[in-house]
Amino acid sequence: MPASEGPSATVDDPAHELLDADRAVERPGCPLATPRTVWRDFGTPYLVNGLIGLIFSASGPVAIILAAGSAGHLSTAELTSWIFGVFVLNGILTLVASWVYRMPLAFAWTIPGTVLVGSSLQHLSWGEVLGAFLVTGGLIALVGATGRVRQVMSALPTPIVMAMVAGVFLQFGVDVVDSVGANPAVSLPIIVVFFVLLGSATLRRWVPPIIGAFVAGGVAVAISGGFHLGERATSSIAAPAFQAPEFSLRAIFELVVPLAITVIVVQNGQGVAVLRSAGHRAPVNVLTVACGIWSMAAASIGAISTCLAGPTNALLVAGGARQRQYTAGLTFGVLAVLVGVFAPVFVELMLAMPAAFIATIGGLALLGALQSAFRAAFEARFTLGALVTFLVSISDLSVLNIGAPFWGLVAGVLVSWIVERRDFAR
């Protein structure tokens, strides 16, 4: 393997990473990398970063999918197809995008959207949710095709959007506390290890807290005898199930706008910001169109909407030369496809864990996002509108069979428009 140090022949100037960066279709500023170029740019730091990004995606975020699926009483086959879709399809998109634009562009799935869907499955059928996924994908692609994604990102006040996210995430944080009372033998070791790693800069550099918590939880489950395999999968290789959507106005009104907002504004916005801080200029319009098209493809096999992954991309750009970090994206893409192909085994092992394991890991994985959401919602502007959004979002309000998060956004914007108009002017 080539050494991890040394300059690359890739273009060094960040301004040349993207041509026509302000146009509707941003073109890559570098020629396509040949196999020899990829091999030369590859190195140990990028392999490690790609592997850690995959482990992160396959731990806490998958636990969130399983928790949402359990809330909606999805079958093992439906969960397996969901896992296959979010890993294989998004892994392929990651490979193509990282190769073409020669920067790490890791695509995954919307975590706030997953939490929202788990709540909606209490009163919507799975077919209705899939129909909403398809419409959401079309809306996202349409917004991307206008070339006005940056304007859309700034149209809704960020504090109000983040207050909705905080409201959607809150129950997962509460579930961590509830799990301690329900199964302390499993939950407490996970929590202790997570915060010990989080509080030590030295340890955190070697073991990401959520990964350490995942391992500690596995050990705790083994010691406590809480691992119970259910019905064995008929095959270790995934066979994605094509599922028929059902289009209903209540599902479309309840899910489409919040899902599109979480993808375009929250998730893609976070991913673009992470990449920008590392010196990469992401093709915002192109990746939005790609997220829309991929979301429609994912919906056909029962998977939630695609987005640019903020936390994962942060791991991919955590080290190494900027010009070579795209190889970490390629590594992540290959590993993601492998996880998706063997989704039946992965889902079987995860479902064999006690409920407290999944709830605790999922909640801790969202803890940083929940903290950031609260900070962004109540830091400076639109604070009253954000508070109203948060209160409505955590309620059981349902009007016209449309869930609380959507009405939280509506209420928060209206209150801010009436009371905090100076913040709009600023």
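**Figure 1. Lining of the largest pocket in the predicted model.** The residues lining the largest pocket divide into 33 nonpolar, eleven polar and three charged (nonpolar: Ala, Val, Leu, Ile, Met, Phe, Trp, Tyr, Cys and Pro; charged: Asp, Glu, Lys and Arg; polar: the others, Gly among them). A pocket is an open set of points on a 1 Å grid over the protein atoms alone, with protein on both sides within 12 Å along at least five of seven lines, and lining residues have an atom within 4 Å of a point. The lining numbers 47 residues, and Phe56, Gln270, Gly310, Pro311 and Ala314 lie nearest the centre of this pocket. Helix α17 (residues 355–378) supplies the largest share, ten residues. The pocket volume is about 1,300 Å³ (the space filled by probe spheres set on the points, with grid points joined across faces, edges and corners). This is a predicted model, in which local features need pLDDT of at least 70 and side-chain atom pairs count only at pLDDT 80 or more, while totals for chains, interfaces and linings use all residues. Residues are numbered from 1 along each chain as its sequence is written, and side-chain values use heavy atoms, with hydrogens and water left out.

**Figure 2. The second largest pocket.** This pocket holds about 730 Å³ of space. Of its 35 lining residues, Val115, Gly118, Ser119, Gln171 and Phe172 lie nearest the centre. Two or more lining residues come from each of α3 (60–71), α5, α8 (158–182), α17 and α19 (404–419); helices are DSSP runs of H or I with at least four residues, strands are runs of E with at least two, and both are numbered from the N terminus. The most come from α8, with seven residues. By class, the lining has 18 nonpolar, 14 polar and three charged residues.

**Figure 3. The largest cavity.** A cavity is a set of grid points where a 1.4 Å probe fits but cannot get out. Three cavities of 30 Å³ or more are counted, and the largest cavity has about 90 Å³ of space. Among the residues lining the largest cavity are Phe56, Trp109, Ile111, Gln267 and Cys307. α14 (310–316) is one of the elements that supply at least two lining residues, and α14 gives the most, with three. The lining divides into eight nonpolar, four polar and no charged residues.

**Figure 4. Contact of α5 with α12.** The axes of α5 (residues 111–120) and α12 (residues 249–277) come within 9 Å and cross at roughly 160° (axes are lines fitted to C-alpha atoms, for helices over the stretch in contact; angles run from 0 to 180 degrees between N-to-C directions). Therefore α5 is roughly antiparallel to α12 (an angle over 145 degrees). Ile111, Pro112, Gly113, Leu116 and Ser120 in α5 meet residues of α12 including Glu254, Leu255 and Gln267 (contact: heavy atoms within 4.5 Å).

Terms used. Parallel < 35°, antiparallel > 145°, perpendicular 65-115°, else oblique.
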